[in-house]
Amino acid sequence: MTELLDAAGASPAEVHTLIAAIKAGAVEGAHGEVSELDTQAPSGSSDQVHEGWLRAVEAIAGRLARIADRTLRQAQAAAAALEGRSAAPSRTPNSSPTPVDSVGEEQVHQVLEAAERIFVSLTGHTGFDRDLSEEILTVVLKAVTAEQQEGYVRQLEAFAEASRDRLGQLYGKYGPDGKFADESRCYLTHQPESVVVCERLDTVPMWLEAVWNNEIDAELTLDRFTKYWRFGLGPS
């Protein structure tokens, strides 16, 4: 594989990243296979056995997802080091994306209003917890760079338009009145901020996971929601 990529003119950093992506893709494929087992507990099993089965599937699937993310993260760091050795830096000191330490109330409200419009248009559901939405968005929006904050509502709306069918599948299956709805196990499927979570999962999944796990005491909620979004829907 390395020889083929070298022959195609790929740089050492690109080779490193592509091979890592293949490895991570294989792990994510295994993750998808494992995730499908959550509804395949032995027939006739007790509630206790059924719950144990689900917890085991979630634990294994979560571990595989972390392995895939770690593989890519390590590859990106190694690729950056290789590029740094092979080429002079081309960015100006202030051109790197700027993280934010906190998100203002006005930004949270503007994004939430957009997320509510999208969510209600897809589900017709208005019985969500707005205080919870604001609490979650205060954290999730830290995974948006300072440069992108001002235009983020437009970015979210564009994402929702491009992903409307996929979002419709998500809520139709796991959201309010969905066939597999279970708000107690994953409240995000019943909340409008889930639209923002989906957009960040498709854009900066590792950054989202970092801010979420650092500030929200509900790691399994994000793990379960990520499984629904990545592996629980039909072909996109």
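1. How many of the 10 residues of helix α9 (residues 194-203) are buried? The count is 8, so α9 is largely enclosed by the rest of the structure. Buried here means under 20% relative accessible area, with a 1.4 Å probe and protein chains only. The residues in question are S194, V195, V196, V197, C198, E199, R200 and L201. Helices are DSSP runs (H or I, at least four residues), numbered from the N terminus.

2. A quick word on the model: it's predicted, so local features need pLDDT of at least 70 and side-chain atom pairs 80 or more, while totals for chains, interfaces and linings use all residues. Numbering starts from 1 along each chain as its sequence is written, and side-chain values use heavy atoms, leaving out hydrogens and water.

3. Next, a helix pair. Helix α4 (residues 105-123) packs against helix α7 (residues 152-162) at about 15°, with the axes 10 Å apart. That makes the two roughly parallel, a label for angles under 35 degrees. Axes are lines fitted to C-alpha atoms over the stretch in contact, and angles run from 0 to 180 degrees between N-to-C directions.

4. Who touches whom? Contact (heavy atoms within 4.5 Å) involves Q107, Q110, V111, A114, A115, R117 and I118 of α4, and Y152, V153, L156, E157 and A160 of α7.

Methods. Parallel < 35°, antiparallel > 145°, perpendicular 65-115°, else oblique. Buried < 20%, exposed > 50% of the residue type's maximum accessible area, 1.4 Å probe, protein only.
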